[in-house]
Amino acid sequence: MTYVLAIDIGGTKLAAALVDEEGAVLRSATRPTPGEQVMAALGGLVDEVTGDGPAPVAVGIGCAGPLDRGTVSPVNMPSWRRFPLRDEVRALTGLPTVLAGDAQCMALGEHWLGAGRGSSALLGVVVSTGIGGGLVIGGRPLLGPTGNAGHVGHMTVDPYGERCECGGRGCVERYASGPNMTRWALENGWRPGAEHPETARPDARMLARDAADGDPVAVAAFERGATALAGMIASTAAAAEVSTVVVGGGVSGAGPVLFEPLARALDDVGGLAFVRAVRVRPTTLGVRAGLAGAAKLAWDYSRSAS
Ligand SMILES: [Zn+2]
């Protein structure tokens, strides 16, 4: 049996696993992402996973973006700016190494083993602190010339809308990310329910609970976010004939308070028959999707290289 080494790098957690050709995990480990010396921590993690086990044949890495031809500058990891991650991991392991964005890996993982299996054109969306995405077209990830294809969180759904942190205007993320829905709800009179201690910072999880309990402002915040997501999904479906959308990320755990208004909004904004035919599904792999996608990336790379 042969394996690849899959690595998933996020702002709070590093994860690695040895994965076989069917997607089964032989062993895996995680550790917190340190503020600096991230490569040292990653080296320790790789040792822990590969240890005295079988030697992997290739490495696939998913990392928060933006990316640029093998370098990464994750927004929430200030110590890495244009950091040559692919080459560093190649030097660390001595193996063929391939890199993609974390949400691109999520999409690829869901296509391989999750809710997007069999889809000829898939969009994966991660709704969390920010909004990320990835496309898998004809079974292959669409990465783009510098590695940034699929950044659907920064598609404009309202050109007259609010300024986004990215510098753009009217981006989906400004309406539908967890912190932005929470911010909007607070600005519009949402007061987290009595069961939440006063000291706790209001967040999207509390907002989802209150929306499920029928709080009108919380419900409206999710409807507003879902409508922005629907605009992005319909536009992406129109551009790439996407047939399946898999939605993951922490905010997707809100369930019906997100997915029901999303279905209604898609029914409203979608026009052409192939756009209206798009199917939206929640993630089935959850937090494991990124690692699965990184493994698939490595398998495809090792086959194309041999
Ligand atoms: Zn933006």
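Which protein donors hold the zinc ion, and how many Å from it do they lie? They are His-154 (ND1), Cys-164 (SG), Cys-166 (SG) and Cys-171 (SG), at 2.0 to 2.4 Å. Donors here are N, O and S atoms within 2.8 Å of the metal (3.2 Å for Na, K and Ca); water is not among the atoms, so sites may look incomplete.

This is a predicted model: local features need pLDDT of at least 70, side-chain atom pairs count only at pLDDT 80 or more, and totals for chains, interfaces and linings use all residues. Residues are numbered from 1 along each chain as its sequence is written, and side-chain values use heavy atoms, with hydrogens and water left out.

Along the chain its donors follow the spacing H-x9-C-x1-C-x4-C. The four donor atoms subtend angles of 106 to 120° around the zinc ion, so the arrangement is tetrahedral. The ideal angle for four tetrahedral donors is 109.5 degrees.

Next, the helix packing. Two packed helices are described by the angle between their axes and the distance between the axes. Axes are lines fitted to C-alpha atoms, for helices over the stretch in contact, and angles run from 0 to 180 degrees between N-to-C directions. Helices are DSSP runs (H or I, at least four residues), as are strands (E, at least two), numbered from the N terminus.

Take α1 (38–50) and α2 (residues 85–93). They pack at about 45°, with axes 11 Å apart. The pair is therefore oblique, the class left after under 35 degrees (roughly parallel), over 145 (roughly antiparallel) and 65 to 115 (roughly perpendicular). Their crossing is right-handed, meaning that the near helix is turned clockwise from the far one by less than a right angle. Met-39, Leu-42, Gly-43 and Val-46 of α1 meet Leu-85, Glu-88, Val-89, Leu-92 and Thr-93 of α2; contact means heavy atoms within 4.5 Å.

Helices α7 (residues 216–240) and α8 (residues 256–269) pack at about 50°, with axes 8 Å apart. They too are therefore oblique, and α7 passes α8 in a right-handed crossing. The contact residues include Phe-222, Ala-226 and Ile-233 of α7 and Leu-258, Pro-261 and Val-269 of α8.

Two backbone details remain. The peptide bond from Gly-65 to Pro-66 is cis, with omega near 5°. Pro-66 sits in the loop between β4 (59–63) and β5 (67–68). Gln-37 has a positive phi, near 55°, and is a residue other than glycine. Gln-37 lies in the loop between β3 (25–32) and α1.

Methods:
Tetrahedral: all angles 85-135°; square planar, octahedral: opposite > 155°, others 65-115°.
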